[in-house]
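Please open the model in your viewer and keep the selection panel at hand.

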Amino acid sequence: MTGDISARLVASLAGEMRLAEPLAPHTSLKVGGPADFFAVPADQADLQSLMAIILETGTPYLVVGGGYNLLVRDGGFRGVVVSLEQLNEMELLPDCRLRAGAGVTNRELLRFVGEHGLAGLEFLSGIPGTVGGALTMNAGAHGRSVLELTESVTTLKAGAVTVTAKERLRFGYRRLELGPGEIVLAAVFALGAGDAGEIERKIEGYLEHRRNSQRVGFPNAGSFFKNPEGKQAWRLIDEAGLRGCRIGSAQVSEVHTNFLVNRGGAKAADFLELAQLIKEKVRLQCGIELEEEVRIVGVD
Ligand SMILES: Cc1cc2nc3c(=O)[nH]c(=O)nc-3n(C[C@H](O)[C@H](O)[C@H](O)COP(=O)(O)OP(=O)(O)OC[C@H]3O[C@@H](n4cnc5c(N)ncnc54)[C@H](O)[C@@H]3O)c2cc1C
């Protein structure tokens, strides 16, 4: 990247711009090299002015939320990593609807719905991350997923703000179809009227369930692989004899075999090698091709 482009990127942003920012601390797996630029736009207008320069100069970019579903390779990311943490506004709308920005954390969202007696999103309790990440991944649990409860999703597509009604969104298990480089800005959720106390009890109940079933004790990114149709990835990995299997400091959790954990000082390469081994062994054992749920980004 030329000095001229670098200077224009830095000058385009009112928010924060960090250079050579290590990405490991921005992910729950705690691996990965640096980003050339790490931008935190101050608001949507600031994001749009940054994106105008990024698109004009053809600079590669990657939007991140909380980094709870992200494996960054050891060489990091050549280009601009954009955090939407400042797009964190929530607004209560009529008829039990709620607008939330991409940077709102799931925890803040749950606090808000609890306080306002809005029912439906309780299943998000214990799923870490942001609204942007939850929408992009169609995060879910207990048979429910977040896009089911949206009325519309607002995105930034080739520099233009677009609002798409739920009926026109294409989504499925842990996926939302977005155009190349499309950025999720916000969503309107259509929820139900509920009793605040009951909603909070449900949120706490789901959290307690996770504390018991997912106490893996080391940095992880939740389920590493998607569940194949009608199967559970953890069971396939277990049946392939991989519980506790370790490469370098990356390990198949002893507690939950679809969680890969960082036992301390792991490299992204350790996780990639371990993931490859798991896929091969599961394929040999039962002929099923596992697919990563975790998004793998960056360069070696
Ligand atoms: C302990 C643990 C338990 C978990 N349990 C669950 C679970 O039960 N169910 C579940 O579904 N997930 C679960 N996860 C995975 C993770 O919490 C979800 O995928 C979550 O939605 C990720 O949100 P995030 O903000 O961290 O996204 P990130 O990890 O930062 O990003 C995920 C992907 O979305 C893209 N992205 C993020 N924000 C935007 C945006 N605004 N616009 C465009 N693209 C964007 C990123 O580029 C990346 O490709 C778990 C993770 C952990 C660590």
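Two strands are said to pair if DSSP finds at least two bridges between them. Helices (H or I, at least four residues) and strands (E, at least two) are DSSP runs, numbered from the N terminus. This is a predicted model, in which local features need pLDDT of at least 70 and side-chain atom pairs count only at pLDDT 80 or more, while totals for chains, interfaces and linings use all residues. Residues are numbered from 1 along each chain as its sequence is written.

**The whole chain.** Begin with everything displayed: the chain has 7 helices and 21 strands. Its C-alpha atoms fill a box of roughly 55 × 50 × 30 Å along the principal axes. Of the 300 residues, 39% count as buried, that is, 20 or more other C-beta atoms lie within 10 Å of the residue's own, with C-beta atoms placed from the backbone.

**The four-stranded sheet.** Next, select the open sheet of 4 strands, whose order is β17-β20-β19-β18 with antiparallel pairing. Its edge strands, each pairing on one side only, are β17 (220-223) and β18 (246-247). Now select β18 together with β19 (residues 250-252): this pair is antiparallel, over 2 bridges. Within it, Ile247 stands opposite Ala250 of β19.

Move to residues 34-40, which form β2; 5 of its 7 residues are buried, so the strand is largely enclosed by the rest of the structure. The bridge partner of Ala39 in β5 is Val82.

**The ligand shell.** The ligand is surrounded by 32 residues, the closest being Gly65, Gly129, Gly132, Gly133 and Gly222. Which elements each supply at least two residues of this shell? They are β3 (61-64), α4 (131-137), β9 (140-141), β15 (183-190) and β17. Colour α4 separately, as the largest share of the shell, 5 residues, comes from this helix. Colouring by residue class gives 16 nonpolar, 14 polar and 2 charged residues in the shell. In this scheme Ala, Val, Leu, Ile, Met, Phe, Trp, Tyr, Cys and Pro are nonpolar, Asp, Glu, Lys and Arg are charged, and the others, Gly among them, are polar.

Definitions and conventions. A residue is buried if 20 or more other C-beta atoms lie within 10 Å of its own, exposed if 12 or fewer, and partly exposed in between; C-beta atoms are placed from the backbone. A residue is near a molecule or strand if its C-beta atom, placed from the backbone, lies within 6 Å of it.
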